[in-house]
Amino acid sequence: MTTTRHALIIANDRYDDQSLGKLRTSAQDAVSLAEVLGDPEVGDFDVEVLRNERVDAIRRGIERFFSGRTREDALMLYFLCHGLKGESGSLYFAARDSDPRLLEATALSAQFVRDYMFLTRAGRTVLFLDCWYGGAFSRGSSSVRAVGDVDVLESFAGEKLGAGRGWAVITASNSMEYAFEGTELTRTTASRPSVFTRAVVEGLTTGDADLDADGVVSLDELYDYVFDHVKQQDPNQTPGRTGNMQGDMYLAHTGPPKRRIASPAPPQPRPPAMPPPLTLPEPAPQPPQGNGERQPRRQDAPPRRWRRRRLRPPTADVPGEAELPARSRVRVGGDSAERQEPREAGVADEARSVNVLVARAGGEGAVFELAASTDYEVLLNIGLRLNASLLQEQEAVWPEELVPAGGVWLRATLLLDGMKGSLTVPFFLPSRGESFRCACEPGSGSGHARGCAPRRWVRFPVRTPEQPAIVRGELVIYYEAAAVVAVELEMPVAMPGAAPKASVVGRLSTTFNDLGKLARRTASLLVSSPSERVVVNGVGFLDNPFAIGAGAADTSALNAREALFDSHIEVRDGHLRSRYDTSFSKRSAAYEQDLRRLAREGAELYSRLFSNPRGDQTIAFSLPALLRHEAQLRDRPPLLQVVDDRFDEHAMLWSMVYDLPVGGDINRYQPCPAVREYGPESRDGPIPPVCPWGEQHRDRGDVLCPYGFWGLSCMVEQPPTVHRDLEAVVSRDPEEIALLAAVGGSLNEQLTTAHLGRLADGPPRCGLTTATGTEVANALGPEAMDIVYFYCHCGYDVRSDTAAADRYLDLGGVRMQPLDINMWARTVWDDPHWPRRRPLVVLNGCHTAETTSGTLNSFVPAFTLLAGASGVLGTEVTLEQGLAGWAMEELLARLLDGSSIGEALHGTRWAMLRRGNVMGLAYTAYCLANLTLRPPKASQE
């Protein structure tokens, strides 16, 4: 079987922190290495280069690199950067935004790299570390202190990594320290050239690393060659090695097997045709290799296929930006780096169009049938209309008159079903001619660096699924923070005769001068914090947009929950009574009063989340305009994704956030006409994605409008943290949808019977089974359901007067807690649990999704991480049984009818609002918003 070879090079030579010296040669070393690895006649690797990236981008790049691999993959990860040692002795790699005093938060830990080497299923993995290692910065101190040698190999020693046939780590030096003066590196140390990487490049480029002259360079041979070369150049530097690999790993072709002779033979001409790709046979087993010791080379290595070649030697350092060769298989920052010159400027006199097509990876020819498990690319550019473009000619015209004159930087983003975030690529549109992608720093001006290498296409890599499916997504072109053109994609996979489709679903309808605050907001390409961010339609616009302490979050969430609770429940005669009538409705006056109090609490949430202590209120002022522009452009609610990598659940009630400016006196709020138009006095009809009266209350204060609540104006997505790709479909099996109802024993029996009967009878119908008490654990075992529906009371497990209480589900004589799920996953259920059919878990009890900073055990990670569910839907407050049943009948009917969870929850909230009922805001979903029970049907022509 052919081995697939991938390399990721992480090079940082520029640092925001002045205490980290500039590494003068890292950029050129990375380019030379990428050239030789990506050359199909030498390394034949698919190479990606991340240069001067921030730590969050590097973490994402490493996760992408190691994810989705098979035993046929060979991986090379190569670091060229500073290495720093923490106070605890842990090793870290410095990124552009690293702070030596805050290593855990701002630098990449060796443990992070080791974890992904352990998790990957690639056949072989090799890690190269060409780093300069330093001492530890003490917290609260302005100086660096010596902490002894950096034992690099020790950071990666241990049991066998990964599920493949082996791994290896090779370092430029296992024990080195920087020379520090105060808090800064001495320039002589930081600017020394990398002897190690130069030796790697030279050995592969010239073929001299092929020590046994068999036509291929093995990992053993390269290490021996580099070891000798480095020791000759610098006797004080000693490369090191550790690993556990069965057989050998072959890194490059050098030419035909030949005998070593005293006088070199004259160079042979290149063969005229491109030879077949590198194919590696299964290697023989080999015992593990020791740390740092030179190992004997295998003398019985079998002959390999070869390509006759001789490249130029590595280039010397030159000023300015380094360029990649035209023929290499290299992506910089995820983009293909093949050189493409822009078309002649004369084409600018004709109307320019948006061109979108799907091509094989690295190609330009359109593909009209997609195979399974295959690498493709979605291609985009703006220029002359191409016949191969998937867009119709009339809809593809670029709106020249609405975009500022002159050359402008744009961004293209691709968000596909099942993706946690979008792929974003900046590109440049000149005043005349075609757009192009280049490595220049995006900015507002049209200047480009000397030696800029334009490339015609914006490329988005796409790997098709293993089974027949329809992959849907959205490709959007942005100028600053405003979407200009939105394209809907549909890509059938492994469906003969079904071709990819694309259509424009939205475009800018006004000039940028009319966008107000939004026009002055330059969207961010990167977020400054990896843990907290708000993403709109898959695009991270805001730098570190929300930051709120645990105590303030708990207080704000408590106030919001009390407002929801009081709108629903009152205490009469010592009992809790619902304020809603028997049809779960309220009259207009009471409904409006509920909205007033909720708006007050929601505005407090918004103010606390997005207030900036440094005084810059751009985020708070521009985000509402951004959300409404996105909704208007697409004619649907925007997808607002809340990402907080520190917690599976956040204390915030995101659905209740109110982003219109209001004061503290709720009696001064002026109702927007939407309050009555879509409230209890309204007539049935579609709910528009934006408020029809939005322009009337634009830039006004004290406006009460249901569209101010994020739960009503957006589809809020809160993905849980799981160590796998999140599911966009519960099951691809076309059989009847199955619902398992775990029913509590202390519910009102009459209400329960009527509710379950309506669920079973539909419409739409589903296969309903029930379980209670001790039956639940066994019922949850098999892959036999699409929805697990808990219809029961939820109580508090109070074990201490001072500690936060955990929750339990009352299943009739059995109290089910998150710890029980942990136990069943470890003792009763198969491992992995629910690997192919991952149900949605619905916890329709009181406050099942409520959480605070003190919550220890939560049902969300228990079900998603341990049980393998695709997501969890729960409640934030106490709900009366009849109202809770009716709300779920509304939501489940939409799910069973084919809606996604985001659409179903959004529609249910508005349906309840038409009865004057605000309790739809009490439900929170932890899953992808586009999660469906079955694959969406293909769109009709």
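Predicted model: local features only at pLDDT ≥ 70, side-chain atom pairs only at ≥ 80, totals over all residues.
1. Six-stranded sheet. Six strands make up an open sheet with mixed pairing, in the order E34-E33-E35-E39-E40-E41. Strand E34 (767-771) and strand E41 (923-926) are the edges; each has a single partner strand, so one side of each has no neighbour in the sheet. Averaged over the sheet and with direction ignored, neighbouring strands are turned by 15 degrees against each other.

2. Pairing of E39 and E40. Within this sheet, strand E39 (residues 840-844) and strand E40 (residues 871-875) run parallel and are joined by three bridges. Val842 stands opposite Leu873 in E40.

3. Helices on the six-stranded sheet. Helix H16 (residues 859-867) packs on the sheet, where it touches strand E35 (787-791), E39, E40 and E41. The direction of H16 makes about 160 degrees with that of E40. H17 lies across strand E33 (738-743), E35, E39, E40 and E41. Relative to E39, H17 runs at about 160 degrees.

4. Glu889 and Arg758 form a salt bridge through their side chains, with an N to O distance of 3.0 Å. Glu889 belongs to helix H17 (residues 881-896) and Arg758 to helix H13 (residues 749-761), so that the pair links parts of the chain 131 residues apart.

5. Salt bridges of Glu490. The count for the structure is 31 salt bridges. In one of them, the side chains of Glu490 and Arg472 meet at 3.3 Å, N to O. Glu490 is in strand E23 (residues 482-493) and Arg472 in strand E22 (residues 469-479), 18 residues apart. Glu490 is buried, with 6% relative accessibility, and Arg472 is buried as well, with 16%. Glu490 also meets the side chain of Lys501 in a salt bridge, at 3.8 Å, N to O. Lys501 lies in strand E24 (residues 501-507), so this pair ties E24 to strand E23 across eleven residues of sequence. Lys501 is partly exposed, at a relative accessible area of 25%.

6. Three-stranded sheet. An open sheet of three strands has antiparallel pairing and the order E17-E18-E21. Its edge strands, E17 (353-360) and E21 (458-463), each pair on one side only. Neighbouring strands here are turned by 20 degrees against each other on average, direction ignored. Strand E18 (residues 375-383) and E21 run antiparallel and are joined by six bridges. Leu380 stands opposite Val458 in E21.

7. Cysteines. How many disulfides does the whole structure contain? The search finds zero. For Cys846, the closest cysteine sulfur is in Cys794, at 7.4 Å, which is too far for a bond because a disulfide requires the two sulfur atoms to be within 2.5 Å. Cys846 counts as buried at 12% relative accessibility. Cys927 is also buried, with a relative accessible area of 2%.

Definitions and conventions
Residues numbered from 1 in each chain as written. Heavy atoms only, no water. Buried < 20%, exposed > 50% of the residue type's maximum accessible area, 1.4 Å probe, protein only. Pairing = 2+ DSSP bridges. Helix = DSSP H or I, 4+ residues; strand = E, 2+ residues; numbered from the N terminus. Axes fitted to C-alpha atoms, helices over the stretch in contact; angles between N-to-C directions. Salt bridge = Lys/Arg side-chain N within 4 Å of Asp/Glu carboxyl O. Contact = heavy atoms within 4.5 Å.
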